[in-house]
Amino acid sequence: MPLQTEKDAQILWVCGESVDAIYFDRNTNADKVINILKEYGITSIDEIEIHFILIELLNLITESEDSQTIQTWMSNSLNVWPFTARNYASDIYDYLERENLSIDADKLVGYTKYLAHVEYEENGGIPVLLSDNSLYFRDRDKRELVTPINLDKDTGWQNIFGSEKDRAHLAVMSSLYLDAEGNDSLGITEFLEATPFPNFPSEIADKATLETLRNNNPTVHYLIKSENIYHTTDTLRDLTKTPVLSKSMVNWIKAKLEYKTISREGKNIITPEGCVLNYRELHDFLLTKPWLHTNKGYFIPNEVYLQRAEIQEIFGDVVPYTDAPESVCEFLNVITSLTSDGLIKALRNYSKKETVDAAIIIEIYQQLSQRNVDNNIFRKEKLILVSKDENHPIWATSGEVIWLDRADTFDTDYYYLQRFYSNELEHFFVDKLVIPKDADTHSYTNLWLKMQKQPYDEQKIPQTVKRVYQKILEYIKGKEFDDNLDWWKCFYANARFLAVTNTFEYSQNLFIADDGELEEIFMDEIKYLHIPDDKHTQYRPLFEAFRIPVLSKSISTRLSEFERQDIARRDKGAFLSTAAKALICIKLYNHDEYRKHYYYMRDKGILNQFLESYEYSGSGWDVEYLLLREKIRISKINKKAVYWDGGNHSLLVADYADKSDVADTFAQALTLPGSNDSRKISDCIEVCLEKVSHEKDIKKNKWEIPQEVIDWLDKNYDSSSEDDFAVEAQTQDDKESSVCKQDGGVNVASLQVAAANHEERPTIADNAKSSQTNDNPLQSQNRNDGEIFNRNGININASYANIKHEKLSYVYPEGSASEEEDSDPETLKKKMATEAVARKAVCDYETEHGRYPKEMPLDWPGYDIESKNNEDEPIRYIEIKSSKQSWGNYFRPLLSNTQIQCAMEHKDRYWLYVVENALDDNQRKIYAINNPFSKIGKFAFDPIFPPSVTTFQ
């Protein structure tokens, strides 16, 4: 084949592959390629002989009809090619592969840069000149190619692979690439980008595993393992010595992440090329050791925050920051954002540390308090710091903590957040994480059961008992309490109470000692309940739930046998005068603290017994005390100086008794059960005893006299005595009478309604008669006259069975004016509006009490509402009287003649409902009065009657 030479343009005849490269023609493209070589320091192409076929032969070929077929045959058979940069690069690669040992190093760099320039990829790709002047071919050398050692001195790979032994698996590029960077258009950066190699090295390959993988999958090039670098270098352990090493590691990781898209499967990293990276040891080191350099020194990466303005704005300089690339931060679990997930991730990281800065944890909790949080995470994971010792942190789940500090009660059963955190975080823990503010009821009941099995500790148990009682008491008084629940029944059956003997006893064996005298009498026979702070009224619902009785209500008393001649009646009472009895009641009624005791006396009938009691003297009394409860039956005889038999209205006073004995006796009887006021009541009573007149005290204190006392004084006042109470009573009565006259009289239900629940009582005459016929009223307790009960369930002796009410009612004359007959349209309109509100209030009241009210038409005769039971049968016929004012001088409910007749017809099924302050939701009250007509004792005809009746001389 005839060729023309480059030197003398003479013809050169060749055959086969006797020359390096043969091309068809030398066109302008060939000149450009040759000029590019010159840019990379190749000024002559003598090393690679370039030949072109003789121009005349080329013309004959191109002019032939079979030109394309001929050229294709020549390329395949004679190795003749069109001249292109790619074809020329292939010839250069073959040349370098064959002659690299004899080629000058600078020219080798030039040739490799040209191959990178044209992005040569055939065969083994771009060969690279190494620091030992040898060429690195990718398909032959299993070492990893790295950049020149002088590149990035402070942050390069050489800081990581510090020793020659560590670099044994690396092929280091020649520094000529770095030196020539400023002299040509393709610097080191562009050259590296054109190669298929990373800028930083991976770890050494395991050849044995490599061969196995290559046999199974030819596309796998090598296996990267961390164990060799980890075991053969001290670099990792030296990372915390200088920031340079730390920065080098960050850059190395960044380069690896940029070169390979890493996804984790199991314990390996799989690259797109099929390369398996067993990163376990190296990865564990990088994530668990404090090597990452920050503004505060070296830290484990997951303790570090990415230096961002929004993070610094919240944490300030409290936490460590890094300016590493975000991709590296995410790979190392550096905290890059303050979302809820990011903050919880930070907590997870800190919870695994051996030391922790509590200020950082508090700041994280405060940030979480402003975000949505999945509280289930805190139930499952120990993410709540519960230790003050920052060098020995303790973490807990939300199920192991409560907010309030109850260590004095539960000791170490819980962690108590109130100890460690300010009240500002209570919202986060209690509301956000749904952590109990206090231990629940079950915790207290369990503590109770556990406590009763432990040895008694006088320093701890009483205080613990107090706190447990208080918590169980809250539950008993709450709406959720249900004594039919299985867990409560089990607790009820097993709970024992602390006795004053410092032992735990079952409730059926205990009593509440509310009477010092009785307590001493039965001291040796029964056990008394230990009561925290001696305030048994405070815990009354708890004791009632367990059916623990007060001692005074568990004992009945009676006099033992005595001689009748020992008893003498004191007509005016040495201690219990009329004035004394009335004044005791008035003082109790007017004292805010003691008024509850007055109401107790009144509602239970004790007030009537007290007022109607007479005083007897004697030489002393043997009293039998009988204690009955389930299987307990104990009888004791004790000498008493004073004994009050309320049922027989008798006060027995021994000759040697003094006022304090009498006062104590009545204080025990008149005081509300379970109250701690007995001592104070006794002092109050003692001041009143033996008094005859207290007008000055009453006027000075402006005391109000209760109606019951007024009625009693009106009936029992002896005009011959010096007692001034009748004067005061008369004053009150005059006030009522003047109002009646002013209003034109009061109807049959007006004055009696407020007294509807008062007790029946004997008159003075009845008592006098009883005194004349029976000198010893105590004997009546053995009579068999049958039992009579008053409206409050109090057993009344049969001798008082025929006592009548003496109530006064005023009657309007027919045709007289009343508030039933308002004719003014505006007044009538307001009245109807008030009545409508009252009707609704009464219907609501009936519904709340399980009845079914039915409103009747406005003009329905006799009543306004029928209230029915479940069987649809009326059980209440209700007449409603209402006013927007309070029940008093300007509002007195009036019953018409029709309503009275209806009341007489239906009797106990007829009810008068009085609604005062009907238009005021806060002040409205409803008074239900059964069978109002039956309350009438006497009728009184007002002075306005005479003109309407027949007169006789």
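Start with the open sheet of 5 strands, in the order β2-β1-β4-β3-β5. Its pairing is mixed. This is a predicted model, so keep that in mind throughout. Which strands stand at the edges? They are β2, residues 11–13, and β5, residues 80–81. Each has a single partner strand, so one side of each is left without a neighbour in the sheet.

Strand β1, residues 2–4, pairs with β2 over 3 bridges, in the antiparallel sense. Look for Leu3: its bridge partner in β2 is Leu12. Now bring in the helix. α4, residues 85–99, packs on this sheet. It touches β3 (21–23), β4 (50–53) and β5. The direction of α4 makes about 165 degrees with that of β3.

Next, confidence. The mean pLDDT of the protein chain is 76. Of its residues, 76% reach 70 or more. Where does pLDDT stay under 50? One such stretch is residues 217–233, for which the model has 51 contacts beyond four places in sequence. Residues 261–278 are also below 50. That stretch has 45 contacts in the model beyond near neighbours in sequence.

On to a single loop residue. Glu303 sits in the loop between β15 (297–299) and β16 (305–306). Is Glu303 buried or exposed? Its relative accessibility is 5%, so Glu303 counts as buried. Setting aside neighbours within four places in sequence, Glu303 is in contact with Pro320, Tyr350 and Lys353.

Strand β29, residues 621–629, is joined to β30 by 9 bridges, and the two run antiparallel.

What does Lys636 contact, leaving aside neighbours within four places in sequence? The list is Ile521, Phe522, Glu525, Val623, Glu624 and Tyr625. Ile521 and Lys636 are 115 residues apart along the chain, yet their C-alpha atoms are separated by 7.5 Å. With Glu525, the link is between side chains: a polar contact of 2.8 Å.

Last stop, helix α34, residues 897–906. Its buried residues are Gln899, Ile900, Cys902 and Ala903. What do the buried residues of α34 pack against? Two strands: β38 (874–882) and β39 (910–916). After α34 comes Lys907, and the phi of Lys907 is positive, near 50 degrees.

To recap, briefly. α4 packs on the sheet that includes β3, β4 and β5.

Notes: Residues are numbered from 1 along each chain as its sequence is written. This is a predicted model: local features need pLDDT of at least 70, side-chain atom pairs count only at pLDDT 80 or more; totals for chains, interfaces and linings use all residues. Side-chain values use heavy atoms; hydrogens and water are left out. pLDDT is the predictor's confidence in each residue, from 0 to 100. Contact means heavy atoms within 4.5 Å. Buried means under 20% relative accessible area, exposed over 50%, partly exposed in between (1.4 Å probe, protein chains only). Helices (H or I, at least four residues) and strands (E, at least two) are DSSP runs, numbered from the N terminus. A polar contact is a pair of N or O atoms within 3.5 Å; within protein, one must be able to donate a hydrogen and the other to accept it, and residues adjacent in sequence count only if both atoms are side-chain atoms. Two strands pair if DSSP finds at least two bridges between them. Axes are lines fitted to C-alpha atoms, for helices over the stretch in contact, and angles run from 0 to 180 degrees between N-to-C directions.
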